[in-house]
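Q: I have a structure to look at for class. Can you walk me through it?

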Amino acid sequence: MNKTKLAIMACVPALLLTITACSGEDGGNREIIREPGKTITVIDNGGKTPAAGPAITIGGIQRYEKVDIFGWVDEDTVIISRENEKLAKMALSELSDSYPRSLYKFNLKTKELVPLKEQENVFLGAASLSPDKKQLIYQEYTLGDPVFYVMNLETLKSFRLSGEPIGGAMSARWTDDGSVIGASYAGGAFTATKGGDIAKMPELEEEGALFLVAKLGSKVLYNSNANETLRVLDLDNKAIKDMGLGAVSNIIPSPDGKQLLVEQYEGSKVKLLLCDLDGGNAKTIAEGAELGGISWSADQRLIAYGMQAEVSGATVKGLYVHDLLSDEVTRIAADVENVANTSWSPSGDALSYSVWNGSGYESSVVEIRTSHE
């Protein structure tokens with residue numbers, strides 16, 4: 001794997017769009033300010049030119065070998081998965097060169113490692129923290145399809161997302177109210193409480209094998225293997241609406257639940273769209289041959305993603321941050337591919353990202369500094 005190189009403000013020209021000031025009809029300058037989740041505001045700055053300088057700059061970077069970082073409990077503590085050499089190697093002959101992967105809390109400052117779940121002969125990973133950071137969805141896998149679990153981080157007790165009436169979970173993600181929703185092997189969607197009560201969603205039983213399922217307030221967004229067009233179910237009136245977005249492979253709601261990032265395939269390319277909850281005001285903010293590891297900062301100003309794209313006939317790959325306030329795209333790290341996930345510290349002052357290097361995961365934490373306009 002090529003050594004990761006920091007490239008401060010090395011922006012991809014095809015993606016870069018910076019609007020800091022414009023000239024009004026009266027010849028004066030006006031500053032355009034974008035506030036995430038709000039209408040664009042244009043204010044008269046008295047004819048003064050805004051201060052020059054990048055919207056994002058990069059501080060230090062710390063690398064963690066053989067570690068997959070999933071999310072931040074607080075400014076110093078992250079949830080990770082790593083090989084557990086205290087356990088015997090995997091029993092399956094296909095995996096006999098590997099140790100089981102276990103889940104931990106890891107303090108980035110003190111390097112303290114606190115076990116959350118250690119288990120023989122399985123890989124544990126693909127973890128996701130609940131909005132209140134007190135619960136964890138994680139996957140158990142060896143070969144074949146993963147099994148989903150929900151863990152209480154205080155008691156470390158888990159329950160499995162399987163059994164009647166859903167058969168098993170094909171996917172699972174947190175809702176904005178802290179419950180769980182996902183696609184069911186029995187068809188349609190299921191919901192689960194933090195206490196382990198699992199139920200099918202009767203409104204989607206006739207939709208067959210679902211692919212994506214997400215819930216925001218009283219709206220359930222979904223598509224299926226047979227129909228990749230994104231649709232929305234209104235739980236208040238049971239109405240279903242086509243959102244006009246086809247070939248959707250992933251959706252990432254904003255922290256306040258008012259906007260969506262939509263990953264959409266178009267031929268050999270994949271786009272990252274920013275849109276309203278109904279699919280309106282859709283805007284392409286990234287486009288390339290590959291996209292991955294998409295995440296929002298808590299204040300909704302910054303969007304991180306890994307991308308590989310063709311620019312002027314050359315392949316460009318790396319980790320990028322899109323600043324919605326300035327509309328600038330910054331390449332945070334060059335020559336980075338196979339970005340598995342990214343996650344922001346609660347303050348937004350640090351970004352973690354994990355990559356698959358062909359034999360295992362490794363992670364890095366980058367300090368991010370933003371200008372305040």
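A: Here is a short chat about this chain, which is a predicted model.

Q: What's it built from? How many helices and how many strands?
A: The chain has zero helices and 34 strands.

Q: And how much of the chain counts as buried?
A: There are 373 residues, and 48% of them count as buried.

Q: What about the accessible surface?
A: The figure is about 17,400 Å². Carbon and sulfur atoms account for 47% of that area.

Q: How many of the contacts join residues at least 24 apart?
A: Take the contacts between residues at least 6 apart in sequence. Of these, 40% link residues at least 24 apart.

Q: Let's go inside. Which residues touch the most other members of the largest nonpolar core?
A: Leu 261, Leu 272, Ile 303 and Tyr 305 do. That core has 19 residues.

Q: Which strands supply at least two residues each?
A: Five are on the list: S26 (269-276), S27 (283-288), S28 (290-296), S29 (302-311) and S30 (314-323).

Q: Which one gives the most?
A: S29, with five residues.

Q: Why would nonpolar side chains be together in there?
A: In soluble globular proteins, nonpolar side chains tend to be buried together.

Q: Back to Ile 303. What is it in contact with?
A: Leave aside its neighbours within four places in sequence. Its contacts then include Leu 261, Leu 272, Ile 285 and Ile 294. Trp 296, Tyr 320 and Trp 344 are also among them.

Q: What other core lies apart from that one?
A: Another core has 17 residues. Ala 55, Ala 304, Leu 319 and Tyr 353 are among them.

Q: New topic. How many salt bridges are there?
A: The count comes to 14.

Q: What lets such side chains pair up?
A: Side chains of opposite charge can pair when their charged atoms come close.

Q: Give me one. What does Arg 63 form a salt bridge with?
A: Its partner is Glu 362. The closest N and O atoms are 2.5 Å apart.

Q: Which parts does that pair tie together?
A: Arg 63 is in strand S5 (residues 56-65), and Glu 362 is in strand S34 (residues 361-370), so the pair ties together parts 299 residues apart in sequence.

Q: Are those two buried or exposed?
A: Arg 63 is partly exposed, at 38% relative accessible area. Glu 362 is buried, at 14%. The cut-off matters here: buried means under 20%.

Q: What does Glu 207 pair with?
A: Glu 207 meets Arg 231 in a salt bridge, at 3.1 Å from N to O. Glu 207 lies in the loop between strand S19 (198-200) and S20, while Arg 231 lies in strand S22 (residues 231-234), so this pair ties together parts 24 residues apart in sequence.

Q: And how buried are they?
A: Glu 207 is partly exposed, at 21% relative accessibility. Arg 231 is buried, at 13%.

Q: What about Glu 205?
A: The side chain of Glu 205 forms a salt bridge with that of Lys 200, at 3.6 Å from N to O. Glu 205 is partly exposed at 40%. Lys 200 is partly exposed too, at 25%.

Q: Last one. Where does Lys 215 lie?
A: Lys 215 is in strand S20 (residues 210-216).

Q: Buried or exposed?
A: Lys 215 counts as buried, because its relative accessibility is 15% and the buried class is under 20%.

Q: What lies 2.8 Å from a polar atom of its side chain?
A: The backbone oxygen of Gly 217 does. Leaving aside neighbours within four places in sequence, Lys 215 is in contact with residues including Asp 176, Asp 177 and Leu 235.

Conventions: Residues numbered from 1 in each chain as written. Predicted model: local features only at pLDDT ≥ 70, side-chain atom pairs only at ≥ 80, totals over all residues. Heavy atoms only, no water. Helix = DSSP H or I, 4+ residues; strand = E, 2+ residues; numbered from the N terminus. Buried < 20%, exposed > 50% of the residue type's maximum accessible area, 1.4 Å probe, protein only. Polar contact = N/O pair within 3.5 Å; in protein donor to acceptor, adjacent residues only side chain to side chain. Contact = heavy atoms within 4.5 Å. Core = buried A, V, L, I, M, F, W, Y, C linked by side-chain atoms within 4.5 Å. Salt bridge = Lys/Arg side-chain N within 4 Å of Asp/Glu carboxyl O. Areas by Shrake-Rupley, 256 points an atom, 1.4 Å probe, with all protein chains shown as cover.
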